[in-house]
Amino acid sequence: MKKKTLALLMAAIVAIPTVSLMGCGKKESADVVIIGAGGAGLSAAIQAKQDGAKNVVVLEKMPMVGGNTNRATGGLNAAGTKQQQEKGIEDSAEVMFEDTMKGGHQKNNPELVKKLSEEAKDSVAWLTDLGADLNDVGRLAGATNYRAHRPTGGAPVGAELVKTLNKSAKDQKIDVRLWNKASEIVLDKEGKVCGVKATDKDSKEYTIDTKAVIVAGGGFGANQEMVVKYKPELKGFSTTNHNGATGDGIVLAEKAGADLVDMAEIQTHPTVVPEKAVMVSEAVRGNGAILINKEGKRFINELLTRDVVSKGILDQPDKQAYLFFDDGLRKSLKSTEEYFNMGLVTEADSVEDLAAKLEIDPATMKATVDKYNQGVAAKSDEFQRPDLPRELNQGKVYAILVAPAVHHTMGGIKINTNAEVLNKDGKVIPGLFAAGEVTGGVHGGNRLGGNALADIVTYGRTAGKDAVKYINQ
């Protein structure tokens, strides 16, 4: 009898499904598991909950939510919004599409860009319904029209989005786990997602059974080794990214069979304070600031795309330049106050005094600023800058030393317009979705300022919606 019982037990052990041996244990289960609690991950979680998912778990390796979204300042691009209409701004999804494709050097996936351009306005409406203030509409480099939505007075947009999304996630009782790092996306013997392995803050490993995983772990701009692997010429560059932007999600998805795209397309932001790694928002240039080199001369149209402006600065003496503005601009954009609070600004009562402090020839710098102001008055600029919002001659004048730094990684996980992850054969990996900077294809060879937030919310929501559809089919 004992031998028979033992034989039955052995047979039962042998008969255990392969999926359980792979780690899809029964310790926990969830409808949807999201890797990353940045703007894309939180958008996906909230949308999934709104669409009927009862148990949504968000794994975040860092001690706080938000990721790089916390650092976003310029705005969220969208065309055809209520906010634009109220300000008499004429814009369209078609123009946004053309701007984005042109800015990305036509390397973008047009289907992904079309969806982004058409649905970004819905993302703004959705965020507004959640309580976000996106009533100020500015213009960022590469955009034909004013379409960068941000809080009233031009305050930093990232903090507003994170605050809004985090509150909504808490209100909907979404299970957001800080200090919890995903270590593996588990597939069953048919190649479908069946779980996620993770490690908690006490280094204890556990598994969550789930049919749907959304990878929203951000890019790899803070991973110097990974950056240099794909673009060696960026060795030694500082970064604007938070410490957690190390490409973990890309690695996890690739191990699960995902294809990658555009990995060498890495963007530098032109206006970053050297050695401080503080990015000066593109909105400062958008509101009228100009770039002056150490010889006191202006050298470029400040509203060209980030890659072009970055190259322009790298061609200057010491590969640096000064961002110049006045009290008029300072009053027009609340986000400038953070640079003063951080002690990054050199100020003076006149252009000549400022030049002296910067060790620049006062006469040359004065002539440069005068020429720019004359161009603003004549509505015709020597560098063909398309938008000249103000003369720089009000009150005190200011300068911030800037240089390019690694900012955005355009490459990543390959997805389709449903935010489904594709394998190297171009087929969908069932149950695996991705959104945000962890993906590639949306921005091509260069991302336009304001398109990152449009991307993370639009495709984050798409991933949330389609993950719920998938588990309910």
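Predicted model: local features only at pLDDT ≥ 70, side-chain atom pairs only at ≥ 80, totals over all residues.
Me: How is the protein chain divided into domains?

Reply: There are two. Domain 1 covers 27-265 + 410-472, and domain 2 covers 268-406. Their C-alpha centres lie 31 Å apart. The contact between them draws 28 residues from domain 1 and 25 residues from domain 2.

Me: What area do domain 1 and domain 2 bury between them?

Reply: Start with the general idea. Interface size is often given as the accessible area lost when the parts come together. Here, domain 1 and domain 2 bury about 2100 Å² between them. Carbon and sulfur atoms carry 55% of that area.

Me: Which residues in domain 1 lose the most area to domain 2?

Reply: Arg-139, Ala-141 and Thr-240. Together they make up 24% of what the domain 1 side buries.

Me: How many salt bridges and polar contacts cross the interface?

Reply: The rule finds 1 salt bridge across the interface of domain 1 and domain 2. It also finds 12 residue pairs in polar contact there. By class, the side of domain 1 that touches domain 2 has 9 nonpolar, 15 polar and 4 charged residues.

Me: Where do the side chains of Arg-139 and Asp-387 stand?

Reply: They meet in a salt bridge, at 3.9 Å from N to O. The cut-off is 4 Å.

Me: Now pockets. What is the volume of the second largest pocket?

Reply: Again, the idea comes before the case. Rolling a probe the size of a water molecule over the atoms shows where empty space is left. The second largest pocket has a volume of about 320 Å³. It is lined by 14 residues, and the closest to its centre are Lys-102, Gly-142, Leu-303, Leu-304 and Thr-305. The lining divides into 5 nonpolar, 6 polar and 3 charged residues.

Me: Why does the second largest pocket lie between the domains?

Reply: Because domain 1 and domain 2 both give residues to its lining.

Conventions
Residues numbered from 1 in each chain as written. Heavy atoms only, no water. Domains from an automatic or database assignment. Contact = heavy atoms within 4.5 Å. Buried area = accessible area lost by both parts, 1.4 Å probe. Polar contact = N/O pair within 3.5 Å; in protein donor to acceptor, adjacent residues only side chain to side chain. Nonpolar A, V, L, I, M, F, W, Y, C, P; charged D, E, K, R; others polar. 1 Å grid on protein atoms, 1.4 Å probe; cavity = no way out; pocket = protein on both sides within 12 Å on 5 of 7 lines; lining within 4 Å. Points joined across faces, edges and corners; volume = space filled by probe spheres on them.
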